[in-house]
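Here is a brief report on one protein model. Look over the sequence and the structure, then read on.

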Amino acid sequence: MDQHQLAAEQFGSTAQAYLTSAVHAQGADLERLRELGRKRPGAHALDLGCGAGHAGFALAEAGLQVTAYDLSAPMLNVVAHEAQRRGLQGLQTRQGAAERQPFDDAAFDLIVTRFSAHHWLDLPGALGEARRVLRPDGTLVVIDAVAPESPLLDTLLQTVELLRDASHVRDYRESEWRAMLQAAGFAAPETQRWTLPMVFDTWVARMRTPALRVQAIRDVLAQAAAEARTHFQVQPDGSFLLDVAWMHSRVGTSA
């Protein structure tokens with residue numbers, strides 16, 4: 001099974017859980033997206049790797065025309081049903097991979113991706129596609145988990161992420177994001193960071209992580225170096241804090 005099939009299968013079976021997940025359905029970043037959308041009424045937005053659609057819902061509620069785009073058909077079915085329930089007539093769904101976007105050049109005023117890019121097989125390729133389908137005066141917003149710059153902390157994070165979810169590719173460091181965005185033709189991003197609490201039991205239940213892997217994660221966290229346990233604020237039950245960033249960029253200009 002290749003990476004695209006693995007990701008589609010993983011998230012197809014958990015689509016409803018991601019719709020109701022507090023981590024994904026809530027957050028000040030969603031209100032910030034609504035505020036961004038209110039400044040661009042009628043604009044065309046792409047929710048790239050939309051998952052359960054929360055970023056797209058926020059933009060559609062602000063009056064934008066939104067295309068929710070994802071690899072997983074079951075996820076898109078959840079998004080379409082929820083958009084209809086919310087009365088969001090301005091949101092449509094489209095299926096496909098982030099690295100191969102079936103849209104015309106300069107089709108969108110705004111592209112947003114939220115908690116998705118760490119699953120993409122070819123992030124530089126996906127960013128190149130985002131640059132192609134974004135208008136020259138458009139905006140890209142990336143919201144995602146980010147790895148610490150420290151190799152020790154980075155390695156621990158990737159290990160537990162992969163054990164939890166076999167479709168995980170990488171939580172990139174902020175420095176890696178900056179380099180990839182600039183290589184794709186975007187400006188260095190304007191970045192804000194915060195932390196999200198990951199409650200261990202709901203974190204693994206959301207992905208239906210097998211029991212053997214759950215135990216492995218607990219063991220990895222319990223045996224981690226003191227520096228890592230302190231940084232991630234690992235709790236006795238395995239809960240921890242995840243670093244998250246909002247990265248705002250434009251095409252080849254300052255953010």
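## Aromatic pairs

Start with the rings. In this predicted model, Y69, F103 and F108 form a cluster, linked by ring pairs. Across the whole structure, a search finds five aromatic pairs.

One of them joins W203 and F240. Their ring centres are 5.1 Å apart and the planes stand at 85 degrees, so this pair is edge-to-face. W203 belongs to helix α10 (residues 200-206) and F240 to strand β7, so the pair ties together parts that lie 37 residues apart in sequence. Are these two residues buried or exposed? W203 has 3% relative accessibility, so it counts as buried. F240 has 5%, so it counts as buried too.

## A charge over a ring

W246 has a charged neighbour. R32 lies over the face of W246, at 4.0 Å from the ring centre.

## The sheet

Seven strands make up an open sheet. Their order is β3-β2-β1-β4-β5-β7-β6, and the pairing is mixed. Which strands sit at the edges? They are β3 (91-95) and β6 (190-198), each pairing on one side only. From one strand to the next, the twist averages 20 degrees.

Take one pairing in detail. Strands β5 (residues 134-145) and β7 (residues 240-250) run antiparallel, paired over seven bridges. V141 has H248 in β7 as its bridge partner.

## Helices across the sheet

Helix α6 (residues 73-86) lies across β2 (65-70) and β3. It runs at about 170 degrees to β3.

Helix α7 (residues 123-133) lies across β1 (44-48), β4 (108-114) and β5. Its angle to β5 is about 145 degrees.

How values were computed. Residues numbered from 1 in each chain as written. Predicted model: local features only at pLDDT ≥ 70, side-chain atom pairs only at ≥ 80, totals over all residues. Heavy atoms only, no water. Pairing = 2+ DSSP bridges. Helix = DSSP H or I, 4+ residues; strand = E, 2+ residues; numbered from the N terminus. Axes fitted to C-alpha atoms, helices over the stretch in contact; angles between N-to-C directions. Contact = heavy atoms within 4.5 Å. Phe/Tyr/Trp six-rings, centres within 6.5 Å; stacked < 30°, edge-to-face > 60°. Buried < 20%, exposed > 50% of the residue type's maximum accessible area, 1.4 Å probe, protein only. Lys NZ or Arg CZ within 6 Å of the ring centre and 35° of its normal.
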